[in-house]
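Here's a quick tour of one fold, meant to be read with the model open beside you. Start with the strands, then move on to the helices and a loop.

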Amino acid sequence: MADSFLFSGISLDRKRFAKDISRFKGKKDTVENPIFLDNVNVETKDGEQLDVARGNKKRKRKLNEHDVKSFSVFKRCNRKPKNEEDDHQESEISQGKKEYFRQLERDALSRKKHNIHVSGSNIPSPLESFVELKSRYKCKSYLLRNLAELGFRELTPIQMQAIPILLSGRECFACAPTGSGKTFAFLCPILMRLKHASKDGIRAVILCPTRELAAQTARECKKLAKRNKFYIKLMTKQLVKSADFSKLQCDILISTPYRVRAAVRKKKLNLSRVEFLVLDESDKLFELGLVKQVDSVVKACSNPSIVRSLFSATLPDTVEELARTIMHDAIRVIIGRKNSASECIKQKLVFVGSEEGKLLALRQCFAESLNPPVLVFVQNKERAKQLHDELKFDDIRVDVIHSDLNEIQRENAVDNFRAGKTWVLIATDVIARGMDFKGINCVINYDFPDSSAAYIHRIGRSGRAGRSGEAITLYTEADTRYLRNVANVMTASGCEVPSWIMSLPKLKWKKHRPHRHAISTKLKDEEE
DNA sequence: AAAAAAG
């Protein structure tokens with residue numbers, strides 16, 4: 001089996017191996033298409049498990065001939081950026097270097113003002129306003145009208161920078177806080193570049209880690225595309241089963257990776273004409289169980305001039321390093337500080353002693369002030385069910401969502417919560433990422449999160465689009481060892497943390513989380 | 001380590 005160059009990319013030090021690289025550069029390669037993630041050996045020869053998204057770099061291999069070959073494949077696939085609309089920088093050089101440097105200065109100032117950090121070559125200037133979207137990039141009026149109707153007034157920093165990058169056909173990875181408008185940042189350039197429906201087949205694919213997020217993205221996309229003929233399809237069970245699925249007219253396909261892979265394998269889907277591929281919540285998509293599926297989708301998108309982009313609120317170094325070695329001259333955009341929480345959320349820590357204290361604390365919290373809608377996160381499905389059973393007889397409209405429910409049940413849970421019929425939604429991490437519920441007032445971490453990223457995404461369900469929000473994290477004696485990790489996120493986003501917590505030792509998240517026994521008032525005596 | 005991805 002061929003070694004993965006996905007993982008070899010991590011340990012590739014260009015300077016150190018410059019000699020070896022030049023030695024192999026002239027050689028003919030055996031790979032025909034540029035591939036994003038080829039041959040992902042999640043299980044290596046030694047049987048070790050590698051998980052990029054969790055920053056697991058257990059195995060560092062020495063560079064061998066195969067790696068160098070693979071590397072040179074990427075080098076040679078580098079395309080020239082398509083500078084159709086965005087060659088104003090180029091022309092300004094010819095007009096005079098002075099004006100060019102003035103523009104660079106303006107860009108730098110604008111980026112500083114909006115807390116935009118970029119790296120990469122030849123980066124398009126950030127946009128200042130929707131007006132500029134029209135003047136600089138000839139945005140069609142239907143889109144501007146939809147934007148106005150949907151209440152878009154100003155561009156957010158991620159939109160200012162990511163939109164011009166994608167419009168100029170450049171690849172990018174973008175890291176911006178939860179609720180800061182990432183979805184629009186990739187939908188807008190896709191709609192603008194595809195212009196209108198065509199019979200060419202699928203031209204844009206958006207991958208999301210959960211069905212709920214895919215559904216939400218599809219809905220947003222349809223709203224934005226109103227007044228223009230576009231075929232925007234959400235891949236559901238129904239759609240795949242439908243008889244003429246292979247003849248489906250579709251411009252933009254939104255799905256979870258598994259379904260796309262399955263359809264591609266059955267030759268029901270042709271992705272060779274895809275021009276845009278977005279990996280939303282990319283760090284999640286790079287996790288152990290998902291990365292293989294994502295890889296096969298990326299491979300199926302064989303169009304050499306494809307524009308790929310990664311979006312997330314959390315971007316671990318490992319994922320970024322990996323993507324950097326294999327993407328085409330990608331631009332990196334970070335808004336604010338990397339891996340930080342939204343600053344609109346008031347974050348609190350509450351000590352509950354032991355597991356038994358949690359239920360009491362939660363009821364107390366509801367008794368004091370129940371300000372719906374409220375989201376309660378627990379560690380796993382079992383606990384979600386238990387907590388729901390415990391609370392459903394209280395005088396609260398409570399519901400639960402986790403992956404053991406079927407597609408319709410899950411959809412209903414989300415819809416009822418959106419409609420305000422449910423006040424308190426108990427959830428696993430299924431809906432921790434990307435979901436945009438209107439004005440969630442409070443997120444409660446009933447169970448301590450499994451990672452800083454999980455924490456950031458969970459609490460990011462509130463405090464969206466500039467609104468304020470509240471996040472309460474319950475912690476037990478057993479959780480105190482990981483408290484510092486959450487506390488770091490809190491201080492980084494401007495929340496106060498007691499000094500004794502900040503003086504705790506810096507402990508890495510451990511794999512073996514404290515075992516939590518059942519949530520039940522009846523069981524309490526037996527446990528003790 | 002668990003959750004999620006789906007047949």
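Ile 206 has Ile 254 of E5 as its bridge partner. That pairing belongs to strand E3 (residues 204-207) and strand E5 (residues 252-255), which run parallel and are joined by four bridges. Strands (E, at least two residues) and helices (H or I, at least four) are DSSP runs numbered from the N terminus, and two strands pair if DSSP finds at least two bridges between them. This is a predicted model, where local features need pLDDT of at least 70, side-chain atom pairs count only at pLDDT 80 or more, and totals for chains, interfaces and linings use all residues. Residues are numbered from 1 along each chain as written, chains are lettered from A and ligands numbered from 1 in written order, and side-chain values use heavy atoms, without hydrogens and water.

**The sheet**
- Eight strands form an open sheet with mixed pairing, in the order E1-E8-E2-E7-E6-E3-E5-E4.
- Strand E1 (116-119) and strand E4 (232-234) are the edges, each pairing on one side only.

**Helix packing**
- Helix H8 (residues 157-167) packs on helix H9 (residues 182-194) at about 30°, with axes 9 Å apart; axes are lines fitted to C-alpha atoms, for helices over the stretch in contact, and angles run from 0 to 180 degrees between N-to-C directions.
- That makes H8 roughly parallel to H9 (angles under 35 degrees).

**A loop residue**
- Leu 271 sits in the loop between helix H12 (257-265) and strand E6 (276-280).
- Leu 271 is buried, at 3% relative accessible area (under 20% counts as buried, with a 1.4 Å probe and protein chains only).
- The C-alpha atoms of Leu 271 and Cys 301 are 4.9 Å apart, although 30 residues separate them along the chain.

Notes: Angles under 35 degrees count as roughly parallel, over 145 as roughly antiparallel, 65 to 115 as roughly perpendicular and the rest as oblique. Buried means under 20% relative accessible area, exposed over 50%, partly exposed in between (1.4 Å probe, protein chains only).
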